Amino acid sequence: MPREQSKRFRYDIGKPWIYGSFIAKFDFPIYKTDATIKAQEDSLLQTFEPYYNYDSDVERKQTARFLHDYHNGIPGLPLSYVHIIADRLHLLYQTGVMDTPEYNDICRDSTNMVRVVTGNKAQSVQVNSIYSTLSAYEQLFLYTKLAQQRQILQRCNLNNYIEPNLIYDKERSETERNDLLSSIPPASGMVMAGQKIIDRGDIVDESTYRVLNSFEKEMKRRSATTKEITNTLIGQTIYITLLVILFTIYLGLFRRDYFNKPRSIAMLYVMITVFPVIVSFIMRHNFFSVYIIPFAMGPIFIRVFMDSRTAFISHVITILTCTAAVRYQYEFITIQLVSGLVAIYSLRDLTRRAQVFKTALLVTLASAIVYYSLQLTQNNDFMNVDSEMYVHLTINGVLLLLAYPLMFIIEKTFGFVSNVTLFELSNTNRGLLRDLSEIAPGTFQHSITVGNLAAEIANKIGADALLVRTGALYHDIGKMENPVFFTENQAGVNPHDNMSPKDSAKIVISHVTEGVKMAEKQNLPTIIRDFIVTHHGTGLTKYFYIQYCNEHPDEDVDESAFRYPGPNPFTREQAILMMADGVEAASRSLSEYTEQSISTLINKIIDDDVAGGFFKECPITFRDIAQAKQVLIERLKAIYHTRISYPELKKDRAVEKG
């Protein structure tokens, strides 16, 4: 988070001051604007003269080298030309020669004078009286006698004997330049303590704008001390700690069950941490805008995987945390809270890609409308809008579309299952379900029927219909290991007839353990595997248990050989599946399908489950169970086409008609 204590006001030239009366609490200078200081610097630098050291050794070395190379004369010319050229080089070096790129830079900067340092003396010299290495070479041939022999002299490469003898003195020049610039005062006035700068509703003009900017600069300068930074850090620590404590208290009071799910808790605290870190990074490095960050993505994930209340609370905590780092808190809080609410309202569950697009569009529109309304409260001009802000909000909406692909990462990281995943898992044309339809078609039809029954019950009592339907499709996949040992897959031959009850029970019970192995091999989510292990709970394989008891009346029978491994259902959806599965399987054994026989069967099976304590560990109520019974009765009546009994025609009435 930022460590400066500067006042974070929002103000623009030509707009009203939206805060209370602002009175200076201390003296501070009115700093010049950057543009003003830059103009003054440019004006002052026109008088700046960079320093160049005159190196006399260059002339001596280059002239000596030329005389040595042509001590026998220049081919095709009299010997006197050597001395003429040496004299001309002497004149050029006495005037001064600069490196050509340096000379061009000076001319480009409009520098008129340079200071040439010779020994202990510094003399101002006009730039146009100095030569560059290129112009010095051309100057040689301006002498008439040499110009006449230019064609011959060009073969001598005379430019090799022209080197810069004016060397830039960087250290002295930079010192002089800095001294010159430091003479420009950064301020052009003072504000005294107690002086009123602006009042609420006053229009911010250029002068007031400069005073307000100066106040913020002064606050930044003052906050640079160690004491101020420490105070700021302490204040921020208290602020963030309070927000985290409030969030934790909310979870403890209203969502205590999340503490039993470490991954759920981890995701919540990650969500309220990631966005403030991103905001702080953007504010620290001052690039992009915080309004392009899709804050609504957090409540979307929490709403889809958890609940709407937690989504809203976590969004509020996230936004309030980010507020400590942003500049315009009021506007930021308002826009982001509205966008979060719209996201939560518009995406109650995620089943189609189009829903994310709709949510992103609604969030963008809502944010733009809120921002426009805030602008109208500060400016009555309907046409004077900040178009850049709307671009940022549009980018925010586009980035919000990433919620759909990121959903997969969230699922895998924190162990959640979205509705999209459930829809994919319930596709009967692929994976284990396709194998089930081919290997054990009777079990497959049973699973579909159970899934439909369970989904109707879930809709009736407010449970997760999609989840229980998907769990029902997979609850009996273990029967694929030995499909013929289950009645729905048999065609007149029952292999249990030639087996002992214990062996039969062992095979029937194994469909649970085999189902779990298949689910783990296919990486089915844990929430789906739980339906496999709980759909019989710790119940008995009653048929084989009773058969064994009847065959061994004098034996103290060990029930563990006939009991499923469990555990019992621990969610409402698992309890629904147990009821639907037991009722659907038992209904096939009815000799006649009447309303009375169906009702009696359903009540007996579910009441036995309740009496056996199978629902003690799940949050299902007696009211839910009663509604489940009613749904099962109505659905089985429709499945088996039960009709009311027609009245018989009285005998005497029949005679009359005859």
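**Cavities, cores and ring pairs in a predicted model**

The second largest cavity is lined by Tyr291, Pro294, Phe295, Ala296, Ile335, Gln336, Ser339, Val363, Ser367, Leu393 and Asn396. Helix 14 (329-346), helix 15 (353-378) and helix 16 (387-400) are the elements that give two or more residues to this lining, and helix 14 provides its largest share, with 3 residues. Here, helices (H or I, at least four residues) and strands (E, at least two) are DSSP runs, numbered from the N terminus. The model is a predicted one, in which local features need pLDDT of at least 70 and side-chain atom pairs count only at pLDDT 80 or more, while totals for chains, interfaces and linings use all residues. Residues are numbered from 1 along each chain as its sequence is written, and side-chain values use heavy atoms, with hydrogens and water left out.

The space in this second largest cavity comes to about 50 Å³. A cavity is a set of points, on a 1 Å grid over the protein atoms alone, where a 1.4 Å probe fits but cannot get out; a pocket is an open set with protein on both sides within 12 Å along at least five of seven lines; lining residues have an atom within 4 Å of a point. Grid points are joined across faces, edges and corners, and a volume is the space filled by probe spheres set on the points. By class, the lining of the second largest cavity holds 7 nonpolar, 4 polar and no charged residues (Ala, Val, Leu, Ile, Met, Phe, Trp, Tyr, Cys and Pro count as nonpolar, Asp, Glu, Lys and Arg as charged, and the others, Gly among them, as polar).

Across the whole structure, the search finds 3 cavities of 30 Å³ or more. The largest cavity has a volume of about 60 Å³, and its lining consists of Met271, Phe275, Phe295, Gly298, Pro299, Ile302, Ser314, His315 and Thr318. At least two of the lining residues come from each of helix 11 (262-285), helix 12 (297-305) and helix 13 (308-323). In this lining, 5 residues are nonpolar, 4 are polar and none is charged.

Turning to the pockets, the second largest pocket holds about 1,400 Å³ of space. Its lining is made of 41 residues, and His536, Leu540, Lys542, Tyr543 and Ala585 lie nearest its centre. Two or more lining residues come from each of helix 22 (501-521), helix 24 (542-551), helix 25 (572-587) and helix 26 (595-611). Charged residues do feature in this lining, which has 15 nonpolar, 15 polar and 11 charged residues.

Helix 25 also contains Gln574, which is buried, with a relative accessible area of 2% (buried means under 20% relative accessible area, exposed over 50%, partly exposed in between, with a 1.4 Å probe and protein chains only). Not counting residues up to four places away in sequence, Gln574 touches Asp530, Phe531, Thr534 and Pro569, where contact means heavy atoms within 4.5 Å.

In soluble globular proteins, nonpolar side chains tend to be buried together. A nonpolar core is a set of buried Ala, Val, Leu, Ile, Met, Phe, Trp, Tyr and Cys residues joined through side-chain atoms within 4.5 Å. The largest such core has 69 residues, of which Tyr474, Ile477, Ile576, Ile602 and Phe615 touch the most other members. Beyond its neighbours within four places in sequence, Phe615 is in contact with Ala575, Met578, Met579, Asp609, Val610, Ile620 and Ile625. A second, separate core of 50 residues includes Tyr291, Phe295, Met306 and Val326.

The structure also holds 20 aromatic pairs (rings of Phe, Tyr and Trp, its six-membered ring, pair if their centres lie within 6.5 Å; planes under 30 degrees apart count as stacked, over 60 as edge-to-face and the rest as tilted). Phe22 and Phe215 pair edge-to-face, at 4.9 Å centre to centre with 80 degrees between the planes. This pair links distant parts of the chain, 193 residues apart, with Phe22 in strand 1 (residues 22-23) and Phe215 in helix 9 (residues 206-222). Phe26 and Phe215 are stacked, at 5.8 Å centre to centre and 20 degrees between the planes. Phe26 lies in the loop between strand 1 and strand 2 (28-31) and Phe215 in helix 9, so this pair ties together parts that are 189 residues apart in sequence. Phe26 counts as buried at 16% relative accessibility, and Phe215 is buried with a relative accessible area of 4%. Ring pairs link Trp17, Phe22, Phe26, Phe28 and Phe215 into a cluster.
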